[in-house]
Amino acid sequence: MSYRITVLPASETFYAKQGESLLNAAIENGIMLPHACKSGCCGACKAQLTEGKTTEINSQAALNSKDSNQQDILLCCQSAESDITVYLPNYQGKNNQPVQTLNARIDDIRYCANVAIVTLKLPLKKQFNFKAGQYVDIVLADNLRRSYSIAGFNTDTRQLVIHVRRHTGGVFSEQLFDGRLQQKDIIHIHGPLGSFQLSKQQKPLIMLASGTGIAPIEAMLNTLAEQQYRQAIHVYWGVAAEENLYDAALLDKLCAELVQAKWTAVLSRPEPAWKGARGYVQDIALNDYPDMSNHDVYACGHPQMIASAQSLFLKQTALADTAFFADNFTPAS
């Protein structure tokens, strides 16, 4: 059974099956509602249910005590039980965010430990309105999909970069690592997707990444350099061991292009000879910035890191809850 979903004030409609998340139904219908993690942790897809009935299919962890309105729901965690109407004041309509499925040619694959940095060439005549922080779905056989944040997109060369972590038995990653997918092969991508994007505020920035969560942070740094951003930026990149700092040279380059930018490597399981920061990015950032009242924070990576960072920063640093932006994911396979 399907139900009619109406989104106000954009006055858009789509249909959602019973048991399907409202967010996934919208995306399948080409409607890119605000979202990031799709797991109930970031709160980007919060909406107000103004009419109809829904049922919770995932934990709405991002709804907290400040969400006093009984009608607040997370679209990624709710399924329709009737025709419903939701209100999203900051959503401007799907025509402002064109999403499409494109053929993409593999231009290059660079292997760094357990990560493949993949450069894709998009068709010259197809529009791709990417904003730093967004992601694409790789569309596989039987419409199976894997999501990857965009590390960079060059509008002139039409080259798009994603970071793919290897997972044993992974339906996409193993094809890259065992040679089934090589340069010049064609794959299908769907996007751009997601609403993890830079705010228009001009504040000092703290940016946290774990593992391949550094990908959208790189895209954001590139955009900030193009905008000649002049506020201070501090990036923390957390990995297990030094060999996992696969894009250190690029981070050096991106920070050098900005007026006040630096980055700190944080290792959770370093060798004894490691001289840098040890532990977890959220703890190191908290120690460096006990007062974040004038900052915006961007975090991308493992759900536990996101949840810990948000809790610590909101409780201990005077960071405004509206100044924490997150893309919460478990690396795709």
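Mentor: Two strands pair if DSSP finds at least two bridges between them. This model is predicted.

Trainee: What makes β18 and β19 a pair?

Mentor: Strand β18, residues 296-301, is joined to β19 by 5 bridges. The definition asks for at least two, so the 5 bridges qualify β18 and β19 as paired. The two strands run parallel. Within this pair, Val297 stands opposite Phe324 of β19.

Trainee: Why are β17 and β19 called edge strands?

Mentor: β17 (277-278) and β19 (324-328) each have a single partner strand, so one side of each is left without a neighbour in the sheet. Their open sheet has 6 strands with parallel pairing, in the order β17-β16-β15-β14-β18-β19.

Trainee: How do you know that helix α4 lies across β15 and β16?

Mentor: Contact means heavy atoms within 4.5 Å. Helix α4, residues 248-256, lies across β15 (233-239) and β16 (261-267) by that criterion. Its angle to β16 is about 155 degrees. Helix α5, residues 281-288, lies across β14 (205-210), β15, β16 and β17, at about 150 degrees to β15.

Trainee: What makes β1 and β7 a pair?

Mentor: Strand β1 (residues 2-8) and strand β7 (residues 84-87) share 4 bridges. With at least two required, 4 bridges make them a pair. The strands run parallel, and Ile5 stands opposite Ile84 in β7.

Note on methods
Residues are numbered from 1 along each chain as its sequence is written. This is a predicted model: local features need pLDDT of at least 70, side-chain atom pairs count only at pLDDT 80 or more; totals for chains, interfaces and linings use all residues. Side-chain values use heavy atoms; hydrogens and water are left out. Axes are lines fitted to C-alpha atoms, for helices over the stretch in contact, and angles run from 0 to 180 degrees between N-to-C directions.
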